[in-house]
Amino acid sequence: MRVRLSGLVVAAVLFGTCPLAAADRPPQDLHLVDGHWTAWDPPQPPAGTQVHIIERGDTLWDLAARFYGNPYLWPQIWEKNQYIRDAHWIYPGDPLALGLEVAPVDNLAEAGGGEEEATPEDTGEPQEGVLTAEQAAGEPVPLGGESDIYCTGYIGDLDESFEHTIIGSEYESIAPDLDLLPSYGFRGKYGRPGTAKYNLSTGDIVYLDGGSGAGMSPGTIYTVIEPQRQVVHPITKQVVGRFYHYLGRIRVLSVQEQTAIGEIVFSCDPILVGQQLRTFEPEPVPLGRATALRPVNYPEPEEDLRDNPIILFTQDNLVSLAEDHVVYIDRGADADLTPGDIFTIYRKNRDGLPPIVIGELAVLSVHKNSSLAKVIESRYAVFVGDWLSPK
């Protein structure tokens, strides 16, 4: 479709500006969006849209000349990006959707241009500086690994009950009964030696309580869980629950009426007879796109952080944390957290000074009142009790 200049002038008037008259003052309410300053609220471009990320020195006039072959077509770009409320003020870092379906006007000489030239779209060649929406946002990457989820645990109620228990292993009965070996001459003195192996791991065979009478069936997978210490909130000093550690997984091989035979198919730490089982629930590792850390010279006010989530707990009582460490925070499904949420980490400063930007963490797994998260960036050591603010 070819559009004449007269139609473009009407479009400019409809959008409340004219390319010949500049606005008197720039917008005053600048804020941070994905690590850059802007007066607008740019939306995520729809999938498949061609996008140009505004650079320092860009104007709609110049971009129309660059991409459409005619600077007088600048309102066509503005029309596709109506989040820009004043076309005279555009900000580096903001995305511009480019339809590139508009051809130059019929008579460029009348519009103040030169001879009509083929645009890169006409030749089918890719245009320099034009990105798809996906390229503009960057490729999503995993925010953690499977071991971050399956070899950690969760904070639950103080006395949770579980479905089944490991009641034995093959190693408890594989040693010989020395009393049955009369050649030693010590009948009745030694009996059977103790368990040959206590710390069980991948490939070992174990026995489970329950069986078919409790609804067990071959192929079912269970998570092995070890209840550990109570968790105390670092600020309120109140007990918030108990930490339950994931040790590995067991797959049921066969069932009897009251028992079942299983195999350890995955182990994080040694598994012992007597430990408890819960039906395994797979959790995918959430994906996210990396964006710039909150500028250190623009922290949130302390009063806005006081009621925010905090880092609640670390599995191994670590004091100093950094990138790739996993932590637990004191909000969960009750606060509408979801896997993939990103938080900026803050630390309280001396009285009268603003909070310090420490780093970022990403939520990996959400439970009722708490969540598992991973530190994905840190400027300084991260501590239990640090404040968190949604990014």
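Trainee: Where does Thr314 lie?
Mentor: Thr314 lies in the loop between β15 (311-313) and β16 (326-329). Strands here are DSSP runs of E with at least two residues, and helices are runs of H or I with at least four, numbered from the N terminus.

Trainee: What should I know about the model before I go on?
Mentor: It's a predicted model, where local features need pLDDT of at least 70 and side-chain atom pairs count only at pLDDT 80 or more, while totals for chains, interfaces and linings use all residues. Residues are numbered from 1 along each chain as its sequence is written, and side-chain values use heavy atoms, with hydrogens and water left out.

Trainee: What does the side chain of Thr314 reach?
Mentor: The backbone nitrogen of Leu318, at 3.0 Å.

Trainee: And which residues is Thr314 in contact with, leaving aside neighbours within four places in sequence?
Mentor: Arg229, Leu321, Val327 and Val384. Contact means heavy atoms within 4.5 Å.

Trainee: New topic: salt bridges. How many does a search of the whole structure find?
Mentor: The search finds 10. The criterion is a side-chain nitrogen of Lys or Arg within 4 Å of a carboxyl oxygen of Asp or Glu.

Trainee: Which residue does Asp157 form a salt bridge with?
Mentor: Lys368, and the closest N and O atoms are 3.8 Å apart. That pair links distant parts of the chain, 211 residues apart: Asp157 is in the loop between β7 (153-156) and β8 (164-169), and Lys368 is in the loop between β18 (356-366) and β19 (371-378).

Trainee: How accessible are the two partners, Asp157 and Lys368?
Mentor: Asp157 counts as partly exposed because its relative accessibility is 42%. Lys368 is exposed, with a relative accessible area of 51%.

Trainee: What about Asp386 and Arg347, how do their side chains meet?
Mentor: In a salt bridge, 2.7 Å from N to O. This pair also joins distant parts of the chain: Asp386 sits in the loop between β19 and β20 (387-390), and Arg347 is in strand β17 (residues 342-347), 39 residues apart. Asp386 and Arg347 are both buried.

Trainee: Which residues do salt bridges with shared partners join into one network?
Mentor: Asp148, Asp324 and Lys374.

Trainee: And Lys197 with Asp204, what's the N to O distance there?
Mentor: That salt bridge comes in at 2.9 Å. Lys197 is partly exposed at 26% relative accessibility, whereas Asp204 is buried at 6%.

Trainee: Switching to sheets. In what sense do β10 and β11 pair?
Mentor: Antiparallel: strand β10 (residues 221-232) and β11 share 10 bridges. Two strands pair if DSSP finds at least two bridges between them. Val232 has Val239 in β11 as its bridge partner. The two strands form a hairpin with six residues between them, and Lys237 in the turn has a positive phi of about 65 degrees.

Trainee: Over how many bridges does β11 pair with β12?
Mentor: Seven, again antiparallel, with β12 covering residues 259-267. Those two form a hairpin with three residues between them, and Arg249 has Phe266 in β12 as its bridge partner.

Trainee: How does β7 pair with β11?
Mentor: In the antiparallel sense, over four bridges, with β11 spanning residues 239-255. Tyr154 stands opposite Tyr244 in β11.

Trainee: What polar contact does the side chain of Gln228 make?
Mentor: One with the side chain of Glu226, at 3.0 Å. A polar contact is a pair of N or O atoms within 3.5 Å; within protein, one must be able to donate a hydrogen and the other to accept it, and residues adjacent in sequence count only if both atoms are side-chain atoms.

Note on methods. Buried means under 20% relative accessible area, exposed over 50%, partly exposed in between (1.4 Å probe, protein chains only).
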